[in-house]
Amino acid sequence: MEEGSQKNTYSLGDLTQLLQGSATDIEKDDIDSAVDKLNEILTIWPNVEGEVSTRDSKLYGDMETKVPTAISLLQSKKVKSEEAKGIVSDLNTRLLPLIKDTGYTTWDAALILLREGLEAHLIVAALLSFLKKIGQADKQKWIWTGVGAGLAASSILAVIINIVFSQITAASSREYIEGITGIIAVSMMLTIGIWLHSKSNVHAWNRYIDKQMNKA
């Protein structure tokens, strides 16, 4: 277990090995070892759950709920080893096909970054063109300052998030983070939606633009 905990990257293969090992330990009546392997699955699950959630949402939900259930069955006063073994074996059987069908690669992540980068590039280009059009090309330095500050802030935030998520391995803690992040995202989308709706009228939008330009 110590060796697996020290690994920097994990794969679905690690999960299947632990599930198979846990089932074998249950057969040998080595309950403590089986529980240790299942707990290790909960530890590394945040590193691989994305591969499962995008390809088998039902299995994703079952992994989230049934692994803790199997642990509870093995740790109960009256150990229900056969029931726990059935859960573990079923999860392993359903997980194995996903290992053979790996369609998500680094290029998929790169395409997301490319798309977001192009969007940011278009926004910056529009702002620079606007400054040139109104004869304020000398103010472009503020645009580039904002770009640099955004890149720096994104890099720092990425490091912070990476450190925080690498330390938060408990399933319950991860669910709290996902829930809070989701609430913040929804709040931001609602705020932006309400703001855009208030500016949906052409005259209202023109007044808003004129007001902002006068301030500038």
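Visitor: Which residue follows α6, and what is its phi near?

Guide: The residue is G135, which comes after α6 and has a positive phi, near 75°. Before we go on, this is a predicted model, so local features need pLDDT of at least 70 and side-chain atom pairs count only at pLDDT 80 or more, while totals for chains, interfaces and linings use all residues. Residues are numbered from 1 along each chain as its sequence is written, and side-chain values use heavy atoms, with hydrogens and water left out.

Visitor: How many helices and strands does the chain have?

Guide: Helices here are DSSP runs (H or I, at least four residues), as are strands (E, at least two), and they are numbered from the N terminus. This chain has nine helices and zero strands. Read along the sequence, the pattern is α-α-α-α-α-α-α-α-α.

Visitor: What percentage of the residues in the chain is buried?

Guide: The label comes from relative accessible area: buried is under 20%, exposed is over 50%, and partly exposed is in between (1.4 Å probe, protein chains only). Of the 216 residues in this chain, 24% are buried.

Visitor: And what share of the contacts is between residues 24 or more positions apart?

Guide: Count a contact when heavy atoms are within 4.5 Å. Among contacts with a separation of 6 or more, residues 24 or more positions apart account for 60%.

Visitor: Is the crossing of α2 and α3 left-handed or right-handed?

Guide: Look at how the near helix is turned from the far one: anticlockwise by less than a right angle is left-handed, clockwise is right-handed. Here α2 passes α3 in a left-handed crossing. By class, their contact has 12 nonpolar, three polar and five charged residues. (Ala, Val, Leu, Ile, Met, Phe, Trp, Tyr, Cys and Pro are nonpolar, Asp, Glu, Lys and Arg charged, and the others, Gly among them, polar.) If you want to find this contact in the viewer, L15, L18 and L19 are among the α2 residues, and L38, I41 and W45 are among those of α3.

Visitor: Where is D29, and is it buried or exposed?

Guide: You'll find D29 in the loop between α2 and α3. D29 is exposed, with a relative accessible area of 57%. Its phi is positive, near 65°, in a residue other than glycine. D29 and S81 are 52 residues apart in sequence, but 8.1 Å apart in space, C-alpha to C-alpha. E27, in helix α2, is exposed at 55% relative accessibility.

Visitor: How far apart are the axes of α3 and α4?

Guide: Those axes are 10 Å apart, and the helices pack at about 165°. That makes α3 roughly antiparallel to α4, and their crossing is left-handed. The contact includes L38, L42 and W45 of α3, and Y60, M63 and V67 of α4. Its residues divide into 16 nonpolar, four polar and two charged.

Visitor: Is D62 buried or exposed?

Guide: D62 lies in helix α4 (residues 57-75), and its 8% relative accessibility counts as buried. Leaving aside neighbours within four places in sequence, D62 is in contact with V67, L91 and R94.

Visitor: Back to α6: which of its residues are buried?

Guide: They are V124, L128 and L131. An α-helix has 3.6 residues a turn, so residues three or four places apart point the same way. F130, also in helix α6, is partly exposed, at 37% relative accessible area. F130 and Q140 are 10 residues apart in sequence and 10.0 Å apart in space, C-alpha to C-alpha.

Visitor: And what does α6 reach from its first C-alpha to its last?

Guide: The expected span is 1.5 Å times one less than the number of residues. Helix α6 (residues 106-133) has 28 residues and reaches 40 Å, close to the 40 Å expected.

Terms used. Axes are lines fitted to C-alpha atoms, for helices over the stretch in contact, and angles run from 0 to 180 degrees between N-to-C directions. Angles under 35 degrees count as roughly parallel, over 145 as roughly antiparallel, 65 to 115 as roughly perpendicular and the rest as oblique.
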